[in-house]
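Student: I am new to this structure and would like a close look at a single part. Could you walk me through the side chains you would start with, and what they link to?

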Amino acid sequence: MPQQVLKTRGLTYQQKQELWARWKKGQSLSEIGRALGKHAGSITGMLAIHGGIAPLGRSRSTRVLSSSEREEISRGISAGLTLTQIADSMGRSVSTISREVSRNGGRSRYRANVADRRAWTQSKRPKKCLLALNEPLRAAVAEKLSLDWSPEQVAGWLKRQSPDDKSMHVSHETIYRSLFIQARGVLKKELVKHLRSRRGMRRSRHRSSEEAESRTSITDLVSIRARPKEVEDRAVPGHWEGDLISGSKNSHIAT
């Protein structure tokens, strides 16, 4: 059987989507690697960057100018319209149009495609998360995590403690992101060891088929019903069963 050729180039957008979909389903690193033609180590590196949590999809806010609106601004400038006239025709405020034109070279140098690309690139800059902006909330979360509370327990406790104070509410997913995505620098990495799994990445609740099989299957399994009949009378010491109970002060009892 010919060996699989592993690709060394980066992943396409579609492959990245497939990677996260398979990871969310609980597939193992080797399963994902085989499907994408990548080494398991490469898959680990890609997942570790995001802490095992799929990055949020990007979309334009309805409050910002769209590419078609920027084209309309460009056409208005070419037609010699004032910024007020352009704003009125678009149903936008004059200040919005004025800022857009000013930050992109003014009337003489404004280009819709350049302005739109620049705005999209700037929107990719990481934004500070809730825990980074709210010190009391961050301190409360860190304190409970250090006591071995799970993020789900912390989120639920905060809602019960401050039901009317929304500023002291945070979802468990935000806590996980702040723990695993260390680029945020919000919660100390040491707090990860207080999680029950103690993993460095978030794993799906769905266990992979390979992992499940390796944990639950025993090679050449023989049912207890197939044991020899001579075992029943316990005549041979090797057929005996026993337990060892260990107590405090180095005490032990064999039963």
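Tutor: Let's begin with Arg-22, which is partly exposed at a relative accessible area of 23% (buried means under 20%, exposed over 50%, and partly exposed in between, with a 1.4 Å probe and protein chains only). This is a predicted model, where local features need pLDDT of at least 70, side-chain atom pairs count only at pLDDT 80 or more, and totals for chains, interfaces and linings use all residues. Residues are numbered from 1 along each chain as its sequence is written, and side-chain values use heavy atoms, with hydrogens and water left out.

The partner of Arg-22 is Glu-18: their side chains form a salt bridge, 2.8 Å from N to O. That term means a side-chain nitrogen of Lys or Arg within 4 Å of a carboxyl oxygen of Asp or Glu. Glu-18 is also partly exposed, with 29% relative accessibility. Helices here are DSSP runs of H or I with at least four residues, numbered from the N terminus.

One joins Arg-92 to Glu-69, with the closest N and O atoms 3.0 Å apart. Because Arg-92 belongs to the loop between α5 and α6 while Glu-69 belongs to helix α4, this pair ties together parts 23 residues apart in sequence. Glu-69 is buried, at 15% relative accessible area.

The other joins Arg-70 to Asp-116, at 2.9 Å from N to O. Arg-70 is in helix α4 and Asp-116 in helix α7, so here the parts tied together are 46 residues apart in sequence. Both ends are buried: Arg-70 has a relative accessible area of 5%, and Asp-116 has 13%. These two also belong to a network of salt bridges that includes Glu-100 and Arg-103.

Now look at α4 itself, residues 67-78. Its buried residues are Glu-69, Arg-70, Ile-73, Ser-74, Gly-76 and Ile-77. Down the helix axis they fall within an arc of 160°, so they line one face of α4; the arc is taken from the directions from the helix axis to the C-beta atoms. On the other side, Arg-75 and Ser-78 are exposed. Among the elements covering the buried residues are α5 (83-90), α6 (94-102) and α7 (112-122), where contact means heavy atoms within 4.5 Å. Just after α4, Gly-80 takes a positive phi of about 85°.

How values were computed:
Helices (H or I, at least four residues) and strands (E, at least two) are DSSP runs, numbered from the N terminus. The expected span of a helix is 1.5 Å times one less than its number of residues.
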